[in-house]
Amino acid sequence: LTVLDPGNLYADGLISWSYIICVGALLSFSIVVPLQIYKSYLIPKNLSDHIELDQTTILHSKIGINYLKMHLFAVHDLDNIRSVLFWQNAVSWRKAYNTTSVIVREENFTRIFETFIERKGMMHISISVDAYEQMIDDSDRTKNIPKHIFELSIKQTEEALSSTYGRFTGSEHYKLLLRGLQGKNSFRSLGEYTKDLTIAA
């Protein structure tokens, strides 16, 4: 009471309990509540140092892969931009394999092959000779194009992207991605953050 009753005003009968309660409530709202609000705004920033999204999570998410592409465009990394675009198209082709007709499947394969795999393709990517020759053999039109035709090139593309992924996680685009997720989920556990990355493939 000595803090709320300076000079022993209560003891001398000059103030009442109602006054003391009102002063205490005022102190609570004027100091404690603003402090808690301030701390709540710091939550996303503080948590960003403890959340990490691996390359697989980023690639298999619509949100994450878009932030990765924005970073690659910002640093003018054209080779990896082509690699990401190929990865998206190849994985989407594989995912839709059982739900598309043979004609549509072959047309989409041809489009991807001519764009990304052929040496003169508009967005030609680097893959091994083995991956290229395996794709040529598997694309023989006398038989059905197998679902796994892009598997080796997808794997090699993921390995190639790993060299730039470290730079992405240190970029402003990666930080913006984390803050965006945290802003939507500031009261949820860290383990649930990745659920907001919509699976793309």
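1. Where is the place of serine 153? In this predicted model, serine 153 sits in helix α7, which covers residues 151–169. With a relative accessibility of 1%, serine 153 counts as buried, because the cut-off for that class is under 20% relative accessible area. A polar atom of the serine 153 side chain lies 2.8 Å from the backbone oxygen of phenylalanine 150.

2. How many salt bridges does a search of the whole structure find? The search returns three. Side chains of opposite charge can pair when their charged atoms come close. The pairs are taken in turn below.

3. Glutamate 151 and arginine 94 meet through their side chains in a salt bridge, with an N to O distance of 2.8 Å. Glutamate 151 is partly exposed at a relative accessible area of 31%. Arginine 94 is also partly exposed, its relative accessible area being 23%.

4. Helix α4, residues 78–95, also holds aspartate 79 and arginine 82. Aspartate 79 forms a salt bridge with arginine 82, and their closest N and O atoms are 2.3 Å apart. The two residues are separated by about one helical turn, because they are three residues apart in helix α4.

5. Which residue forms a salt bridge with lysine 175? The partner is glutamate 172, with the closest N and O atoms 3.5 Å apart. For the assignment, the cut-off is a side-chain nitrogen within 4 Å of a carboxyl oxygen. Both residues are in helix α8 (residues 172–184), and they are about one helical turn from each other because they are three residues apart. Lysine 175 counts as partly exposed at 35% relative accessibility. Glutamate 172 is partly exposed as well, with a relative accessible area of 46%.

6. Which residues form the negative surface patch? The patch consists of Asp130, Glu133, Asp137 and Asp140. One of its members, aspartate 137, lies in helix α6, residues 129–138. Is aspartate 137 buried or exposed? Aspartate 137 is exposed, at a relative accessible area of 51%; the class applies because exposed means over 50%.

Note on methods: Residues are numbered from 1 along each chain as its sequence is written. This is a predicted model: local features need pLDDT of at least 70, side-chain atom pairs count only at pLDDT 80 or more; totals for chains, interfaces and linings use all residues. Side-chain values use heavy atoms; hydrogens and water are left out. Patches are made of residues with over 30% relative accessible area and no salt bridge: like charges are joined within 9 Å, nonpolar side chains (Val, Leu, Ile, Met, Phe, Trp, Tyr) within 5 Å. Accessible areas come from the Shrake-Rupley method with a 1.4 Å probe; for residues, only the protein chains shown count as cover. Lys and Arg count as positive and Asp and Glu as negative; His and the chain ends are not counted. The place of a charge is taken as NZ of Lys, CZ of Arg, CG of Asp or CD of Glu. Helices (H or I, at least four residues) and strands (E, at least two) are DSSP runs, numbered from the N terminus. Buried means under 20% relative accessible area, exposed over 50%, partly exposed in between (1.4 Å probe, protein chains only). A polar contact is a pair of N or O atoms within 3.5 Å; within protein, one must be able to donate a hydrogen and the other to accept it, and residues adjacent in sequence count only if both atoms are side-chain atoms.
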